[in-house]
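Subject: Structure handover

Hello,

Here is the structure for you to look over. Please open it alongside this email. My notes follow below.

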Amino acid sequence: MNDLAYYKLTALASAPDALDKAAEYLASHMRQFLKKRDKVLILFPNAPATVGTLIKEAVLRCGAEPQFLEEDHRWLTILKTAFITRSDCIIGYPLTLLGLAKVAKHMGTPLFARNVLIGGYPSQKWMVDGIAHGLDCKVWGCYDPGLSAMIAGFNCHLGHIHLRQDRYRARIWDKQDKDLPEGEIGRVVLSPTCDDELMFDTGDSGRIDSSPCACGNPAPRLMELSTSNGIHPDLSELWETCHYWGSILDCKIANTGYGLELEVVVFPGEKLPKFPSCAKLLVRAWNPESDEPFPHAYILKRRLFSR
């Protein structure tokens with residue numbers, strides 16, 4: 001079962017030696033853009049044996065200064081913290097970073113981050129472009145297929161995710177759980193190098209490219225990575241449309257027994273797309289005093305365990 005494979009891989013990744021190697025792996029790549037004494041705002045949870053604590057350790061190994069949010073995780077608090085601390089780098093989920101770019105624009109607040117690191121689940125090109133343009137920064141990415149210490153890849157300066165070959169192998173499956181030839185798009189399945197029979201279906205889609213990369217890294221690349229985001233494939237286009245619009249800060253979509261339910265948080269006074277007919281449609285203005293990003297842990301849990 002896929003959930004059992006996930007827990008086994010998580011246990012392997014959480015061993016003390018594995019955590020140390022993962023932190024050094026991250027640090028070796030983050031030294032491309034982090035300088036000593038850089039201020040780094042980490043928007044992941046600060047929990048043991050997770051990507052948040054691994055990134056904190058990697059930041060320290062780079063000689064930079066990590067900072068987490070406290071109990072307050074509102075959009076406005078994220079914006080104020082990034083501004084007041086003059087964060088040189090911001091690290092978090094792609095939708096949180098995309099939302100931060102939208103809030104900064106809406107509030108007319110300049111941020112100072114030269115680099116952004118995304119993780120937690122794959123981000124499509126439109127997300128990366130929105131973050132890069134909205135925050136005027138360079139966007140990097142680590143491949144972390146879950147809420148754990150399972151760091152399986154990092155992107156080069158050309159934007160390609162290279163597989164972490166010392167710990168993981170990747171294959172691409174079709175709908176019948178059969179291996180696809182290199183270059184074809186299918187489901188990304190990871191195995192630890194210590195046990196090729198342990199296979200974890202990540203819930204992501206993509207293809208493998210083993211051809212030489214101009215960056216010089218010989219590791220295979222995971223190309224065209226995308227994720228289901230925990231929603232039915234038939235709703236993916238609506239989900240992307242909502243998040244693509246600069247007038248929409250956040251949204252939740254569910255296909256219930258009563259029909260489609262859609263909640264959309266918008267910036268008042270801005271043009272909106274046409275929404276489909278829904279059993280329940282709530283379009284409301286962003287409330288700076290209370291609104292937080294919708295839970296990404298929920299997205300990931302559904303993505304990983306909905307098969």
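Two strands pair if DSSP finds at least two bridges between them. Helices (H or I, at least four residues) and strands (E, at least two) are DSSP runs, numbered from the N terminus. This is a predicted model: local features need pLDDT of at least 70, side-chain atom pairs count only at pLDDT 80 or more, and totals for chains, interfaces and linings use all residues. Residues are numbered from 1 along each chain as its sequence is written, and side-chain values use heavy atoms, with hydrogens and water left out.

Angles here run from 0 to 180 degrees between N-to-C directions, and axes are lines fitted to C-alpha atoms, for helices over the stretch in contact.

Strand 3 (residues 89-92) pairs with strand 4 (residues 115-118) in the parallel sense, over four bridges. Gly92 has Ile118 of strand 4 as its bridge partner.

Buried means under 20% relative accessible area, exposed means over 50%, and partly exposed lies in between (1.4 Å probe, protein chains only). Strand 10 runs antiparallel to strand 9 (residues 186-192), joined by four bridges. Gly186 stands opposite Gly206 there. Strand 10 also runs antiparallel to strand 11, with five bridges. In that pair, Asp209 has Arg221 of strand 11 as its bridge partner.

Strand 11 (residues 221-227) also holds Glu224. Glu224 is not a glycine, yet its phi is positive, at about 55°.

Lys39 is found in strand 1. It counts as partly exposed, at 37% relative accessibility. Leaving aside neighbours within four places in sequence, Lys39 is in contact (heavy atoms within 4.5 Å) with Glu65, Thr85, Arg86, Ser87, Asp88 and Cys89. Ala279 is another matter: its C-alpha atom is separated from that of Lys39 by 46 Å, and the two residues are 240 apart along the chain.

Arg86 lies in the loop between helix 4 (75-84) and strand 3. Its phi is near 50°, a positive value in a residue other than glycine. Arg86 is partly exposed, with a relative accessible area of 48%.

**Helix 3**

Which residues of helix 3 (residues 51-61) are buried? They are Val51, Gly52, Leu54, Ile55, Ala58 and Val59. They cover an arc of only 160° around the axis, which puts them on the same side of helix 3. The arc is that of the directions from the helix axis to the C-beta atoms. These buried residues pack against helix 2 (16-30), strand 1 (39-42), strand 2, strand 3 and strand 4. Just after helix 3, Gly63 takes a positive phi of about 80°.

**Helix 5 against helix 6**

Two packed helices are described by the angle between their axes and the distance between the axes. For helix 5 (residues 94-107) and helix 6 (residues 125-135), the axes come within 8 Å and cross at roughly 35°. The crossing is left-handed, that is, the near helix is turned anticlockwise from the far one by less than a right angle; clockwise would be right-handed.

Helix 5 contributes Pro94, Leu95, Leu97, Leu98 and Ala101 to the contact. Helix 6 contributes Trp126, Met127, Gly130, Ile131, Gly134 and Leu135. The residues of this contact divide into nine nonpolar, two polar and no charged. Ala, Val, Leu, Ile, Met, Phe, Trp, Tyr, Cys and Pro count as nonpolar, Asp, Glu, Lys and Arg as charged, and the others, Gly among them, as polar.

Strand 13 (residues 259-266) and strand 14 run parallel, joined by six bridges. Leu262 stands opposite Leu281 of strand 14.

Best wishes
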